[in-house]
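The following exercises are to be worked with the sequence and the coordinates at hand. Each task is followed by a solution in steps.

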Amino acid sequence: MVERKVKVAIPCGMHIRPAGIISHTANSFKADSRIIFGYHVINTASILNLVASGIHCGDIVRVECEGPDEQAALDGIATVLQDSTIKQ
């Protein structure tokens with residue numbers, strides 16, 4: 001298992017567009033991945049769970065991935081979370 005703390009740079013926080021991008025990214029890998037935010041463990045494959053997470057720009061989250069391509073999955077999800085060009 002690999003993990004990394006990431007500062008969210010998505011300007012409007014977690015809404016449907018970045019949630020869809022994260023979900024699509026996570027589902028393109030075989031590794032299981034999740035985001036830990038406070039006491040919440042969020043399944044990255046679920047757009048609804050991501051939108052309901054309440055993650056805002058500037059929040060620090062922990063991304064965890066486990067599986068055969070865990071490092072690539074972690075890098076992909078972290079890249080989306082740090083993308084400040086995602087608009088509403």
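**Exercise 1. Strand pairing**

Task: Determine in which sense, parallel or antiparallel, strand 1 pairs with strand 4, and in which sense strand 2 pairs with strand 4.

Solution. The model is a predicted one.
Step 1. Strand 1, residues 2-7, runs antiparallel to strand 4, and six bridges join the two. Within this pair, Arg-4 is placed opposite Val-63 of strand 4.
Step 2. Strand 2 also pairs with strand 4 in the antiparallel sense, here over five bridges. In this case the residue opposite Ile-36 is Arg-62 of strand 4.

**Exercise 2. The two sides of helix 1**

Solution. 
Step 1. Helix 1 comprises twelve residues, 16-27, and spans 16 Å from its first C-alpha to its last, close to the expected 16 Å.

**Exercise 3. Surroundings of Ser-53**

Task: Decide whether Ser-53 is buried or exposed, and identify the backbone atoms that lie by the polar part of its side chain.

Solution. 
Step 1. Ser-53 belongs to the loop between helix 2 and strand 4 (60-66).
Step 2. Its relative accessibility is 12%; the limit for a buried residue is under 20%, so Ser-53 counts as buried.
Step 3. A polar atom of the Ser-53 side chain lies 2.6 Å from the backbone oxygen of Leu-50. For the backbone nitrogen of Ile-55, the distance to a polar atom of that side chain is 3.4 Å.
Step 4. Not counting residues up to four places away in sequence, Ser-53 touches Met-14, Phe-37 and Ile-42.

**Exercise 4. Lys-30 and its contacts**

Task: Classify Lys-30 as buried or exposed, and find which residues it contacts beyond its sequence neighbours.

Solution. 
Step 1. Lys-30 is located in the loop between helix 1 and strand 2.
Step 2. With 69% relative accessibility, against a limit of over 50%, Lys-30 counts as exposed.
Step 3. Leaving aside neighbours within four places in sequence, Lys-30 contacts Pro-68 and Asp-69. Although Lys-30 and Asp-69 are 39 residues apart in sequence, their C-alpha atoms are 6.3 Å apart.

Methods
Residues numbered from 1 in each chain as written. Predicted model: local features only at pLDDT ≥ 70, side-chain atom pairs only at ≥ 80, totals over all residues. Heavy atoms only, no water. Helix = DSSP H or I, 4+ residues; strand = E, 2+ residues; numbered from the N terminus. Expected span 1.5 Å × (residues − 1). Buried < 20%, exposed > 50% of the residue type's maximum accessible area, 1.4 Å probe, protein only. Contact = heavy atoms within 4.5 Å. Polar contact = N/O pair within 3.5 Å; in protein donor to acceptor, adjacent residues only side chain to side chain. Pairing = 2+ DSSP bridges.
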